[in-house]
Amino acid sequence: MHATPVVNDFSIHVATANGSGSQTANSVLMRSIFQMGVPVSGKNLFPSNIAGLPTWFTIRASRKGYIGRKKEIDLLIAMNPETAREDVMALDAGAAVVYDEPLALAGLRDDLVFYAVPFDKLVTGVCPEPKLRKLVRNMIYTGVAAHLLGIEIDEVRKALVKQFGERKKKTAEMNWQAVLAGQSYASENLPKADPLKVERMDANQGRLIIDGNTAAALGCVFAGATVLTWYPITPSSSLAEAMIDFLGRLRQDPETGKATYAVVQAEDELAAAGMVLGAGWAGARAMTCTSGPGISLMSEFLGLGYFAEIPGVFIDVQRVGPSTGLPTRTMQGDTLTNAIVSHGDTRHPLYFPSNPEECFSMATEAFNLAEKFQTPVFVNLDLDLGMNNWMSDPFEYPELPVDRGKVLSTEDLERLGGFSRYLDVDGDGVPYRTLPGTPHDKAGYFTRGTGHDEHARYSEKAEDWIANMDRLSRKFESIRGAIPAPEVRFNPSARVGVVCCGTSRYAMEEACDQLREELGLETSSLRLKAYPFTDSLNEFIKAHDRVYVIDQNRDAQLLALMKLDMDPSLLLNLRSVRYYGGLPLDARTVSGEIARQEGIQ
Amino acid sequence: MSTPTAPAKKTNRLGFDILPYRGGKTTLCAGCGHNAVTERLVEACWDLGVEPWRVAKISGIGCSSKTPAYFLGQSHGFNSVHGRAPAVATGALLANHELRCVLVSGDGDTASIGLGQYMHTLRRNPAMLYLIENNGVYGLTKGQFSATSDLGAKSKGGAVNAFTPIDCCLAAIEYGATFVARSFSGDKKQLSALLRAALSHDGLAVVDVISPCVAFNDHEGSTKSYSYMKDHEEPLHDIDFIPFFNDIEVEFEEGVTREVSLHDGSRILLHKLEHDYDPSSRLNAVTRLHQASDGDEVLTGLLYLDRSRPSFTRTLNMVDRPLATLPESVTRPRREALERINEEYR
Ligand SMILES: Cc1ncc(C[n+]2csc(CCOP(=O)(O)OP(=O)(O)O)c2C)c(N)n1
Ligand code: SF4
Ligand SMILES: [Mg+2]
């Protein structure tokens with residue numbers, strides 16, 4: 001049975017138990033496809049557990065460059081006895097299954113292609129030491145898959161060496177033997193019966209593979225961040241840990257070996273946020289990273305930061321909430337929260353990175369924005385972006401210099417004869433500040449979360465309060481002009497528009513193609529890169545009859561945030577597409593829902 | 001023996017009169033203990049010749065936390081959120097470890113809502129004066145019991161506190177503060193000496209001052225009233241403080257006076273009262289505090305001093321120059337470093 005080959009367009013789904021060491025095997029498989037020059041993405045769908053519970057890893061290869069999650073599975077690698085039956089029953093007809101022989105899955109269905117592999121037998125041959133077998137057993141399926149898919153074995157070898165690095169040569173060799181065992185078993189015993197195939201392309205020249213958290217951490221280091229405070233929480237811990245690693249390598253004084261930074265693992269997120277504000281107030285480039293539950297705790301401080309006008313960068317790697325929710329699953333859960341978090345009238349700027357390049361560049365930009373506008377700034381990642389490996393263009397060295405904003409020095413004060421902390425001298429809503437420790441008798445001022453006038457004096461007068469809040473609004477308007485504009489794909493023949501932010505872009509872009517190719521529906525698309533929104537969003541909405549706003553949450557938070565900013569006459573044009581199951585958003589969900597609402601299914 | 005308290009001269013060693021050390025006019029109740037503490041703090045900073053621009057005054061929320069507006073008017077002040085001043089102060093010190101940080105808090109601010117931050121700040125030992133103006137109630141929200149209210153203490157309305165108190169000094173000694181003292185806002189001489197010593201300490205200096213709230217906790221049945229303190233204060237010693245820049249020779253009698261020196265060369269003289277007291281013994285301090293509270297006494301004086309543990313910012317092994325002032329050439333790694341990392345992930 002040889003149907004037309006399906007080249008560079010399929011998804012592999014590896015089912016294992018958490019903690020069984022499958023991560024390496026999956027990474028090597030993904031990297032081999034990457035090295036074949038084929039666009040690829042990998043997603044770890046893991047439980048909140050250290051060992052034992054089922055976990056899945058999906059790899060998608062796509063010659064067209066679609067790297068969002070693919071809903072349909074084309075090749076299942078069934079290693080987990082607990083989920084094997086369920087996994088097989090869920091497949092679409094025609095899919096292929098590589099499975100551990102004793103699971104005896106072949107009898108379950110007759111519309112699939114089955115490949116049985118005796119993993120235990122093969123691993124015994126590779127690894128005489130019983131204790132080590134568990135560690136290399138999974139690498140066998142990498143060899144089997146490489147053979148079945150036609151991945152060049154040299155590329156697997158290269159990927160493996162990359163994965164283990166120079167130091168772990170012995171382990172790498174043992175794993176290599178496992179790959180070869182899988183490959184030769186497959187070539188001798190498994191006649192190819194599925195159409196899936198990897199063929200060499202040249203789409204990945206110069207590209208990297210990196211996760212969003214590492215990229216954001218690197219961005220912070222190159223932004224010149226000096227203070228990091230944090231409290232461990234999935235999925236943001238790996239950002240702090242990556243940053244600590246980079247700081248240790250890149251930010252020691254060459255002569256003394258002393259640190260040009262400080263890292264504090266705080267007692268909770270309240271303290272982490274308080275330290276960021278204290279440090280920002282005293283002139284550090286301070287940041288923290290957290291996830292939803294941490295944001296909830298930081299809420300009071302975030303309002304203080306807004307109102308007392310203190311810079312700080314808050315990276316939120318969003319996960320599924322409310323409450324502890326699904327702590328290892330992805331969601332755009334804090335889009336609305338972060339924009340307005342804290343009591344009273346508060347507004348915070350947000351960045352929406354969608355790939356590692358933007359994690360890097362937006363993290364870098366966020367520090368300049370925070371100091372220029374003296375306010376807390378959010379960078380909203382999500383678990384999918386933060387914790388999964390993505391292809392990425394190499395990071396570009398930040399073009400803009402470090403901008404410390406309107407900070408007055410002793411000399412400035414000497415020249416000016418003093419200053420008023422909250423006076424809008426330049427008409428942009430952004431006042432001047434001084435740092436504690438500035439040697440001048442006019443440098444000091446009093447910072448408070450209570451009402452104050454332009455001279456930072458306590459005031460409960462209605463006029464003072466209103467004047468100050470209006471200035472803060474002016475400042476927010478100035479921010480609008482200082483953040484990245486959306487990415488627009490304008491299609492003049494489209495009457496339907498689609499809007500999203502962050503990682504929803506992958507599903508959106510693919511869904512727009514599906515709608516055109518399968519249903520003849522032309523669409524334009526707009527990807528927001530930051531909040532507050534710019535005029536181009538209004539223009540985009542005006543230019544279309546209907547605009548679908550994609551949200552990875554139940555309550556249509558991005559749509560709600562747009563409504564807060566928008567001319568009410570435009571609201572009638574807005575529609576919502578939502579997904580909130582905790583898996584990375586896939587294109588079918590988006591195109592299906594738009595088609596349904598358009599009545600063209 | 002000469003006592004260097006409030007000398008008659010008009011300017012301090014920097015040539016400043018008292019004015020830069022004063023702040024705005026207090027808006028607290030007349031007679032509030034906090035006002036007296038503020039006055040002692042003004043005198044102490046003036047007397048030590050603290051540079052006003054180098055000071056960061058940080059507080060939480062409460063009547064006590066308002067007081068940074070009433071001293072050192074030229075310094076930067078930060079009236080933050082309820083119970084969280086320790087984090088803000090710690091952050092400020094990370095940015096600039098050369099700041100002299102004065103944290104003012106209340107018993108509610110520190111022992112109720114802020115207890116978690118307090119405990120962890122004790123563990124870290126950042127170099128600052130941590131002043132607790134302890135009146136046993138929430139003054140600003142009109143007299144509810146705080147976590148330092150004694151078991152059996154009566155509120156103004158007659159309610160009896162049914163819960164055991166948190167002793168901020170016991171916690172401080174137990175969890176890592178390196179200078180721990182208790183005083184009374186009405187004890188001018190002792191408080192003055194302790195504040196000057198605390199401001200000269202390179203580490204976390206906790207000074208818990210019983211500071212009566214005349215509006216809500218100065219009645220019969222209160223254990224934080226002026227009259228209760230008059231009857232129950234039990235000073236450990238008579239204290240004198242000699243700053244490092246004052247190199248007077250003092251003669252003292254062995255067995256009667258202990259001299260303790262601080263990091264900057266300042267000296268504390270502890271004159272024995274009923275019993276000799278060695279503030280370097282943690283165990284002794286804890287025992288004496290328990291004995292005192294069992295006997296309905298309020299032990300005051302320098303309870304504990306540890307000069308060996310490094311302050312928080314020292315443990316971080318940071319460059320000498322404050323992080324806040326580092327230029328881009330130091331904080332942004334070079335282009336080649338990024339290229340190398342790009343290569344690693346290729
Ligand atoms: C989060 C929060 N909860 C409650 C309050 C209300 N509040 C203001 S001051 C205060 C108590 C202050 O007591 P204490 O720290 O002992 O200061 P005092 O007024 O007695 O000097 C409370 C509960 C607040 N400001 N913030
Ligand atoms: S209410 Fe109590 S604590 Fe507050 S100012 Fe008045 S006396 Fe002082
Ligand atoms: Mg109180």
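The legends below accompany close-up views of a predicted model.

**View 1. B:Leu303 and the residues it touches.** Leaving aside residues up to four places away in sequence, B:Leu303 is in contact with B:Cys169, B:Ile173, B:Val180, B:Ala181, B:Arg182, B:Leu236, B:Tyr277, B:Pro279, B:Ala285 and B:Leu289.

**View 2**

**View 3. Strand β21 of chain A and its partners.** All six residues of β21(A), which spans residues 523–528, are buried. A:Thr523, A:Ser525 and A:Arg527 point one way from the strand, whereas A:Ser524, A:Leu526 and A:Leu528 point the other way. Strand β19 (residues 487–489) of chain A pairs with β21(A) in the antiparallel sense over three bridges, and here A:Glu487 has A:Arg527 as its bridge partner. Strand β20 (residues 496–501) of chain A runs parallel to β21(A) and is joined to it by six bridges; A:Cys500 stands opposite A:Arg527. With helix α17 (residues 504–519) of chain A, β20(A) and β21(A) form a right-handed β-α-β unit.

**View 4. Two cis peptide bonds in chain A.** One joins A:Gly321 and A:Pro322, with omega about 20°. A:Pro322 sits in the loop between β13 (312–320) and β14 (326–330) of chain A. The other runs from A:Tyr531 to A:Pro532, with omega near 10°, and A:Pro532 belongs to the loop between β22 (530–531) and α18 (535–542) of chain A.

**View 5. Positive phi at A:Ser342 and B:Leu72.** Neither residue is a glycine. A:Ser342 has phi near 105° and lies in the loop between α12 (335–340) and β15 (350–351) of chain A. Its relative accessibility is 14%, so A:Ser342 counts as buried. For B:Leu72, phi is about 45°, and the residue is found in the loop between α2 (63–66) and β2 (76–79) of chain B. B:Leu72 is buried as well, with a relative accessible area of 1%.

How values were computed
Residues numbered from 1 in each chain as written. Chains lettered and ligands numbered in written order. Predicted model: local features only at pLDDT ≥ 70, side-chain atom pairs only at ≥ 80, totals over all residues. Heavy atoms only, no water. Contact = heavy atoms within 4.5 Å. Buried < 20%, exposed > 50% of the residue type's maximum accessible area, 1.4 Å probe, protein only. Helix = DSSP H or I, 4+ residues; strand = E, 2+ residues; numbered from the N terminus. Pairing = 2+ DSSP bridges. Right-handed = clockwise from strand over helix to strand, strands pointing away.
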